[in-house]
Amino acid sequence: MQNNFSKIQFFRGKKLLGVGTIEDELSIIEIAKIAGVEIPSNCTSGTCGTCLVRLVQGKVEYPEELPPGLDEDIVEEGGILACCQIISESSIIDISPPI
Ligand code: FES
């Protein structure tokens, strides 16, 4: 269960781009947008991988079966799909794709 003060810090490399507040009904892309950070997206359903970013610190839920936009190698590198994965605690995300 998250609290209202959980934050996501969005980086590109070492540069901090913005900080967003986690809210139940918002995707990571939407949280980023409110923080002024643009994460590209296309399908918004886990298929295309356009929204791939890298989780540097924190915890994200993965579905039992990985969506087409992810594979085991990408997950090992911290890859997450910003359009459809749930983040529930304060986290750091690098918006550059991991691979
Ligand atoms: S926008 Fe296609 S996987 Fe996220």
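Start by selecting Q57 and I92: the bridge partner of Q57 in β5 is I92. What you have open is a predicted model. Residues are counted from 1 along the chain as its sequence is written.

**Stop 1: the whole chain**

Show the chain as a cartoon and colour it by secondary structure. The chain has 2 helices and 5 strands. Followed along the sequence, these elements come in the pattern β-β-α-β-α-β-β. The radius of gyration is 12 Å, close to the 13 Å that the globule rule gives for 99 residues, so the chain is as compact as a globular protein of that length. If you turn the model along its principal axes, the C-alpha trace spans about 30 × 30 × 25 Å.

Two further values describe the chain as a whole. Of its 99 residues, 27% count as buried. Among contacts with a separation of 6 or more, 57% are between residues 24 or more positions apart.

**Stop 2: the sheet**

Now hide the helices and loops and keep the strands. In what order do the 5 strands lie in the open sheet? The order is β2-β1-β5-β3-β4, and the pairing is mixed. β2 (15-21) and β4 stand at the edges with a single partner strand each, so one side of each has no neighbour in the sheet. Look along the sheet: neighbouring strands are turned by 35° against each other on average, with direction ignored.

Select β1 and β5 (residues 91-94) together. These two run parallel and are joined by 4 bridges. Pick Q9, and its bridge partner in β5 is I92. That residue was already part of the opening selection, where I92 is the bridge partner of Q57.

Next select β3 with β5. Here the strands run antiparallel, with 3 bridges between them.

How many bridges join β3 to β4? There are 3, and this pair is also antiparallel. Two places show how the strands face each other: L52 stands opposite L81 in β4, and V53 stands opposite I80 in β4.

**Stop 3**

Centre the view on A32. Which residues is A32 in contact with, leaving aside its neighbours within four places in sequence? They are F10, G20, V37, I39 and A82.

**Stop 4: G69**

Move to the loop between β3 and α2 (72-76), where G69 is found. Is G69 buried or exposed? The cut-off for a buried residue is 20 or more other C-beta atoms within 10 Å. G69 has 22 of them in that range, so G69 is buried. Apart from neighbours within four places in sequence, G69 is in contact with G46, T47, C48, G49, L52 and L81.

**Stop 5: T44**

T44 sits in the loop between α1 and β3. It has 15 C-beta neighbours inside 10 Å, so T44 counts as partly exposed.

Check the backbone angles here. Most residues other than glycine have a negative phi. T44 is not a glycine, yet its phi is positive, about 55°.

**Stop 6: P98**

Finish in the segment after β5, where P98 is found. P98 has 17 other C-beta atoms within 10 Å, so this residue is partly exposed. Leaving aside neighbours within four places in sequence, P98 is in contact with R54, I74, E77, G78 and G79.

Key:
This is a predicted model: local features need pLDDT of at least 70, side-chain atom pairs count only at pLDDT 80 or more; totals for chains, interfaces and linings use all residues. The radius of gyration is taken over C-alpha atoms; the globule rule is 2.2 Å times the number of residues to the power 0.38. A residue is buried if 20 or more other C-beta atoms lie within 10 Å of its own, exposed if 12 or fewer, and partly exposed in between; C-beta atoms are placed from the backbone. Two residues are in contact if their C-beta atoms, placed from the backbone, lie within 7 Å. Two strands pair if DSSP finds at least two bridges between them. Axes are lines fitted to C-alpha atoms, for helices over the stretch in contact, and angles run from 0 to 180 degrees between N-to-C directions.
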